[in-house]
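Hi,

Here is the model I promised to send over. Have a look at it first, and then read my notes below.

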Amino acid sequence: MPQVEVSFSPDLYPFYENEEAIVVVIDIFRATSAMCAAFQNGVKEMIPVRRIEDALDYKKKGYVVAAERKGEVVEGFQLGNSPFHYMNDWVKDKTIVITTTNGTRAISMAKRAHEVVVGSFLNASVLADWLCEQNRDVVLLCAGWRGRFNMEDSLFAGCMVEKLAESGNFDEFSDSAHVARQMFEMGKSDMNKYLIDSSHRRRLNGLNLEEDIKYCLQMDVAPVLPVLQNGRLIDLLKEELLP
Ligand code: 3SL
């Protein structure tokens, strides 16, 4: 039976890299939550890029481009990293290029894996159900903050470990998975309270983004499955429904 590991930071990822595994990229505040919100609101595909320069090249070609650094929209770009930026009709059926501080870096690091999928509390159950059907090793990759551990991504990793363990489809859980699950056990009854002192939360609060935080901590409000195919994220659930 397949195994589950947690990479608590992208800088640890080389130790967990496994080309046969599915990698779940996690950036709860806010990149992967914003991506799920975008697909839930009808975005057709998203092209994650690592550098602002790459984003600028796409912008020159006429693409809609989202760019975030230090929690703020980068000057000269239309969109940033707030889930609320994607909650309007004009994003429907659009291709959106996106670069963020940590989230798109983690996606880019994982691209050699068998499959790369975006995870957040917003799509937790759909994601867990899909992972259970795949019968493959899973690496939960926390985007963290500039290479460092963060609480919110690790908490979500624990949520996934709990769901996968309860399914009975996975039998090997590494130490990293056990620790993440213990965090989720401690925090799940009130995640908002558990994360009250987390560093990125304080950073976002300083930018008056408390509403973003509350939104990102909701369970299953965006049941989508953003999967990386040929450098583009598409919603696999929507694709499967197409005739
Ligand atoms: O690091 C990232 O990719 C972002 O999610 C950071 S922020 O929430 O936009 O500050």
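A word on naming before the details: helices (H or I, at least four residues) and strands (E, at least two) are DSSP runs, numbered from the N terminus. This is a predicted model, so local features need pLDDT of at least 70 and side-chain atom pairs count only at pLDDT 80 or more, while totals for chains, interfaces and linings use all residues. Residues are numbered from 1 along each chain as its sequence is written, and side-chain values use heavy atoms, with hydrogens and water left out.

Let's start with the loop between S5 and S6, where Lys92 is found. Lys92 has a relative accessible area of 47%, so it is partly exposed (buried means under 20% relative accessible area, exposed over 50%, partly exposed in between, with a 1.4 Å probe and protein chains only). Its C-alpha atom is separated by 6.9 Å from that of Lys44, 48 residues apart along the chain. Phe84 is also found between strand S5 (72-73) and strand S6 (95-99). Phe84 counts as partly exposed because its relative accessibility is 35%. Phe84 and Glu211 are 127 residues apart in sequence, yet 9.1 Å apart in space, C-alpha to C-alpha.

Where does the ligand sit? It is in the largest cavity. For the terms: on a 1 Å grid over the protein atoms alone, a cavity is a set of points where a 1.4 Å probe fits but cannot get out, and a molecule sits in one if more than half of its atoms lie within 2 Å of its grid points. The ligand is surrounded by 14 residues, and the closest are Asp27, Arg30, Asn81, Thr100 and Asn102 (a residue is near a molecule if one of its heavy atoms lies within 4 Å of it). By type, the shell has four nonpolar, seven polar and three charged residues (Ala, Val, Leu, Ile, Met, Phe, Trp, Tyr, Cys and Pro count as nonpolar, Asp, Glu, Lys and Arg as charged, and the others, Gly among them, as polar).

- Asn102: a side-chain N or O atom is 2.6 Å from a ligand oxygen.
- Gly103: a polar backbone atom is 2.8 Å from a ligand oxygen.
- His200: a side-chain N or O atom is 3.0 Å from a ligand oxygen.

The protein buries 100% of the 290 Å² that the ligand exposes when taken alone (Shrake-Rupley method, 1.4 Å probe; for residues, only the protein chains shown count as cover).

Some backbone geometry is worth a look too. Most residues other than glycine have a negative phi, and most peptide bonds are trans. Phe29 and Arg30, however, are joined by a cis peptide bond, with omega about 0 degrees. Arg30 lies in the loop between strand S2 (22-26) and helix H2 (31-40). Phi is positive at Arg146, near 50 degrees, and at Asn208, near 60 degrees. Asn208 lies between helix H9 (199-205) and helix H10 (210-216), and its relative accessible area of 70% is why it counts as exposed.

Last one: Ser9 is in the loop between strand S1 (3-7) and helix H1 (13-16). Ser9 counts as buried because its relative accessibility is 4%, and its side chain reaches the backbone oxygen of Gly147 at 2.7 Å.

Cheers

Key
A polar contact is a pair of N or O atoms within 3.5 Å; within protein, one must be able to donate a hydrogen and the other to accept it, and residues adjacent in sequence count only if both atoms are side-chain atoms. On a 1 Å grid over the protein atoms alone, a cavity is a set of points where a 1.4 Å probe fits but cannot get out, and a pocket is an open set with protein on both sides within 12 Å along at least five of seven lines; lining residues have an atom within 4 Å of a point.
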